Amino acid sequence: MPAGELRPSAVPLHPSSPASPTAAASGDEAWVWAQIKAEARRDAEAEPALASYLYSTILSHSSLERSLAFHLGNKLCSSTLLSTLLYDLFLNTFSSDPSLCAAAVADLRAARVRDPACVSFSHCLLNYKGFLACQAHRLAHKLWMQSRRPLALALQSRVSDVFAVDIHPAARIGKGVLFDHATGVVVGETAVIGNNVSILHHVTLGGTGKACGDRHPKIGDGVLIGAGATILGNVNIGEGAKVGAGSVVLIDVPPRTTAVGNPARLVGGKETPSKHEECPGESMDHTSFISGWSDYII
């Protein structure tokens, strides 16, 4: 195998990190970008039909920020919202806030490690709409915080149209976040999502009616939310908690516990709920609680 190429099944890890946090983030970004370019070269050689696409989207760019700004601009443009305008907007926003690219790198790593279907960093960058929707949201959120709200809302609308993911630009999202499949995800205006969270498709973090103010869920670090789960109101999902697929959650879920059902109940009972040690947002363990909780059979 030529030097610099990656085995498709391997999940590469950064060999070392500088002592300074800023230098570490910069070094990690450079390393991931080098992996992405190596993967793109490999794929262009293996599949000539994609060579032009891979060159224009990845190989012609000098940095991850430029590649991502170009790719998002082309994905989200319309006949009246030009790709060149979006590219300049996105690149200027990335350049003004290095934490945006650091968060994108953490999200790339999250997908590569947690999703067995993610065969490479470049595959996630190019094809994972949950990843792309999240990065577009980060840019829209930055604009929202700069009081450029009409533009932020326009981007939210385009993301919803293109990716079928609806995240209000005021919502706050941490890093190392995986929106797996992502279709039908809805995140309300005052929602907060912590670091190292994994959220499956058709998840709603919504309000309970017409109430104004702080009215959406707060998701702690390391939480896993299964497909089709609905969490409504200004409730807290504690650090390292797990919400089972299809559950409806209307009250707080304590840290390191599992809530399942409609309405959701804590595994082990409300008084002494079962607690787990692992971080489900990273382990992606959806079902290990079942044997000790349910006699369900088909």
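A: A search of the whole structure finds nine salt bridges, a salt bridge being a side-chain nitrogen of Lys or Arg within 4 Å of a carboxyl oxygen of Asp or Glu. The model is predicted, so local features need pLDDT of at least 70 and side-chain atom pairs count only at pLDDT 80 or more, while totals for chains, interfaces and linings use all residues. Residues are numbered from 1 along each chain as its sequence is written, and side-chain values use heavy atoms, with hydrogens and water left out.

One of the salt bridges joins Asp28 to Arg109, with the closest N and O atoms 2.8 Å apart. Asp28 belongs to helix H1 (residues 21–46) and Arg109 to helix H5 (residues 98–114), so this pair ties together parts that are 81 residues apart in sequence. Helices here are DSSP runs of H or I with at least four residues, strands are runs of E with at least two, and both are numbered from the N terminus. Asp28 has 17% relative accessibility and counts as buried; Arg109 is buried too, with a relative accessible area of 18%. The terms are set with a 1.4 Å probe on protein chains only: buried is under 20% relative accessible area, exposed is over 50%, and partly exposed is in between.

Arg42 and Asp43 form another salt bridge, in which the closest N and O atoms are 3.2 Å apart. Arg42 is buried at a relative accessible area of 15%, whereas Asp43 is partly exposed at 25%.

A further salt bridge brings together the side chains of Lys218 and Asp214, at 2.6 Å from N to O. Lys218 is buried, its relative accessible area being 15%, and Asp214 is partly exposed, with a value of 47%. Elsewhere, Lys242, Glu278 and Asp285 are linked in a network of salt bridges.

The bridge partner of Lys218 in S11 is Asn236. Strand S8 (residues 218–219) and S11 pair in the parallel sense over two bridges; two strands count as paired if DSSP finds at least two bridges between them. These strands belong to an open sheet of four strands, in the order S2-S5-S8-S11 and with parallel pairing. Its edge strands are S2 (172–173) and S11 (236–237), each of which pairs on one side only.

Another open sheet has six strands in the order S3-S6-S9-S12-S14-S15, and its pairing is mixed. Strands S3 (178–179) and S15 (265–266) are the edges of this sheet, each pairing on one side only. Within it, strand S6 (residues 198–199) runs parallel to strand S9 (residues 224–225), and two bridges join them. Ile199 has Ile225 as its bridge partner in S9.

Val253 sits in the loop between strand S13 (248–249) and strand S14 (258–260). Val253 is buried, with a relative accessible area of 4%. With its neighbours within four places in sequence left aside, Val253 is in contact with Asn236, Ile237, Gly238, Ala241, Ala259 and Leu266, where contact means heavy atoms within 4.5 Å. Among these, Ile237 is 16 residues from Val253 along the chain, and their C-alpha atoms are separated by 4.8 Å.

For helix packing, consider helix H2 (residues 51–59) and helix H3 (residues 64–76), whose axes come within 8 Å and cross at roughly 120°. That makes H2 oblique to H3. The contact involves Tyr53, Ser56, Thr57 and Ile58 of H2, and Ser67, Phe70 and His71 of H3. The axes are lines fitted to C-alpha atoms, for helices over the stretch in contact, and the angles run from 0 to 180 degrees between N-to-C directions. Angles under 35 degrees count as roughly parallel, over 145 as roughly antiparallel, 65 to 115 as roughly perpendicular, and the rest as oblique.

Tyr53, which lies in helix H2, is partly exposed at 32% relative accessibility. Apart from its neighbours within four places in sequence, Tyr53 is in contact with His71, Leu126 and Asn127. The C-alpha atoms of Tyr53 and Ala40 are separated by 9.8 Å, the two residues being 13 apart along the chain.

The cysteines remain. A disulfide is taken as a pair of cysteine sulfur atoms within 2.5 Å, and by this rule the count is zero. Cys77 is partly exposed, with a relative accessible area of 25%, whereas Cys101 is buried, with 2%.
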